[in-house]
Amino acid sequence: MYLRLPIIALLYTIASAATAAPDGASLYSEHCAVCHGASGTGGVGIPLAVDSLLSIVSDDYLKKTIRLGRPGRIMPAFPKLSDAQINAIISHLRGWSDRKLEIMPEKPVRGDARHGKVLYAEHCASCHGKDGEGGKGTGVTFSRHRDMDIIPPALNNPGFQAATCDHMIQQTLIVGREGTPMTSFLEEGLTEQDINDIVRYVRTFYSEDDPDARTGEDLPPTLIVESPYSLEETVENAKQAISGKNFRFIRTQPLEEGLVPEGEENSRQVMIYFCNFNFLFEALAKDPRIGMFLPCRITVVERDGVVQVMSVNPMYLSKLFNNEELHEDCRTMTGIYRELLDEISL
Ligand code: HEC
Ligand code: HEC
C-alpha cells in the first residue's frame, strides 16, 4: 500500500515528461548560458537581455540566428535543436523584456548605398570593421580582459545577413542598444535618410552563399608519416626539428603515462610535448578553446617494427569551433606539423 503511491507518482512523472513541451530555461542554460550569461547579460557572447534588442527582433530573426549561428565568429550554429526546442528558447529570451515587440515591415528600405558607404566608413568602420568583419575577439569578456567593452558583431557575416532584415538594421541604427557601445545614430545627428543609405550599404555585404559552407577540403583528423629510423632516432630527430622551428621542447613521456601503473607503460609509444609560448598566449587570447590541443604534441609509435610519427590535424579540429581567426591559427599549426613530420621522417 505504501509502495503503490510512489510508483504511480513515478509513472505519472515519466508519462508527463514524455509529452511535456521543451523547457526553454533549461535549454538556454544548457546551450547558451556559457556564453550569453545565465540571465542574458553577456559573457563570451554579447548581451541578449537588452530591451532595444528584444523589442525589434522577430522570432524569425532569433530562430535563424540560433539555427545558422555566425559562421566564422564564435556564435555556433545549432542545427540539431528541434523547432519546438528553439521556440522554447525564444520564449525564454522574450521573458527578459516586457517592451512591446515592433512589427517590422517587409518591404525593403530605400536608400543610396554609395552615400551609405561613405557614412559607414565615417561612423561604423571603427567598430564593425572596414568591410563589416566585426571587432576582434568576441562578447563582453574574453580570457583575461574581463573589463572589455562589448565586441561589435560582424555585419558581413552570412549568418547575420541571412537572419536580419532591412528594417531591423534600420531600427538598430535609430534606437541603438542601450547599455552597449551601439548608440542611436539619430541622436548622433544622422538623418533618417542617411540611416537608410547606410542600411542599403550594409545589405551589400549580403551574399546568398550557403552560410554553412566551410572551406570544402576533406580533412583527415590526424597527420601520420612513417619514419625510416628507429624509435629513439626518430625522437631525437623530432627534438631537433622542433627547436629548428623555434619551438621550445618541453618533455617526452610514454603515451600511456598515468593510464597504466607506473613502470608498465609501453616504451615504444612516446609523446613529445613542445610549445611556442607567444603563439600559445596569442591563440588563447583569441579563443580559450584552443587550449584543448595545446601545447603542441607529436606521438611516435613503433608497431611490428614500423615507426610512425603522428599529430592531430588542427585544421580538422578548427572546423568544430566556428571562429575564423582560430581557423587561421589552426591552418598555420597544420602547416607546421606537416613540415615537422616531413623533417623528422626525411
Ligand atoms: C562604438 C562602437 C560602435 C559603433 C561606432 C557602431 N556600432 Fe554597431 N554595434 C556595436 C556593438 C557593441 C553592438 C552589439 C550591441 C549589443 O550587445 O546588442 C552593435 C550592434 C550592431 C548591430 C546589430 C548586429 C547584430 O548582430 O545584431 C548592427 C546592425 C550595427 N551595430 C550596425 C552599426 C552601424 C551600421 C554603425 C554605423 C552607423 C554602427 N553599428 C556603429 C558597436 C558599435
Ligand atoms: C560559444 C559562445 C556562444 C554560444 C554557446 C551561443 N552564442 Fe549567441 N552569440 C555569441 C557571440 C560571440 C555573438 C555575437 C556575434 C559576433 O560577434 O559577430 C552571438 C550572437 C547572438 C545573437 C545575436 C544578437 C544580436 O544582437 O542580434 C543571438 C540572438 C544569440 N547569439 C543567441 C544565442 C542563443 C539563443 C544561444 C543558445 C542556443 C547562443 N546564442 C549560443 C556567442 C555564443
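**Surroundings of the two ligands**

A polar side-chain atom of His36 is placed 2.7 Å from a nitrogen atom of ligand 2, a polar contact being a pair of N or O atoms within 3.5 Å (within protein, one must be able to donate a hydrogen and the other to accept it, and residues adjacent in sequence count only if both atoms are side-chain atoms). The structure is a predicted model, in which local features need pLDDT of at least 70 and side-chain atom pairs count only at pLDDT 80 or more, whereas totals for chains, interfaces and linings use all residues. Residues are numbered from 1 along each chain as its sequence is written, chains are lettered from A and ligands numbered from 1 in the order in which they are written, and side-chain values use heavy atoms, with hydrogens and water left out.

Two arginines also approach ligand 2. An N or O atom in the side chain of Arg73 is 2.9 Å from an oxygen atom of ligand 2, and a polar side-chain atom of Arg177 lies 2.8 Å from an oxygen atom of this ligand. Two or more residues of the shell come from each of α3 (33-36) and α5 (59-68), and α5 gives the most, with four residues. Helices are DSSP runs (H or I) of at least four residues, numbered from the N terminus. Of the 24 residues around ligand 2, those that come nearest are Cys32, Cys35, His36, Tyr61 and Met75; a residue is near if one of its heavy atoms lies within 4 Å. The shell has 16 nonpolar, five polar and three charged residues, where nonpolar covers Ala, Val, Leu, Ile, Met, Phe, Trp, Tyr, Cys and Pro, charged covers Asp, Glu, Lys and Arg, and polar the others, Gly among them.

In ligand 1, the iron atom has His128 (NE2) and Met182 (SD) as its protein donors, at 2.0 to 2.1 Å; donors are N, O and S atoms within 2.8 Å of the metal (3.2 Å for Na, K and Ca). His128 belongs to helix α8 (residues 125-128) and Met182 to the loop between α10 (166-175) and α11 (192-203), so the pair ties together parts that are 54 residues apart in sequence. His128 counts as buried at 11% relative accessibility (under 20%, 1.4 Å probe, protein chains only).

The shell around ligand 1 divides into 17 nonpolar, four polar and two charged residues, and α10 gives the most, with four residues.

Technical notes. Buried < 20%, exposed > 50% of the residue type's maximum accessible area, 1.4 Å probe, protein only.
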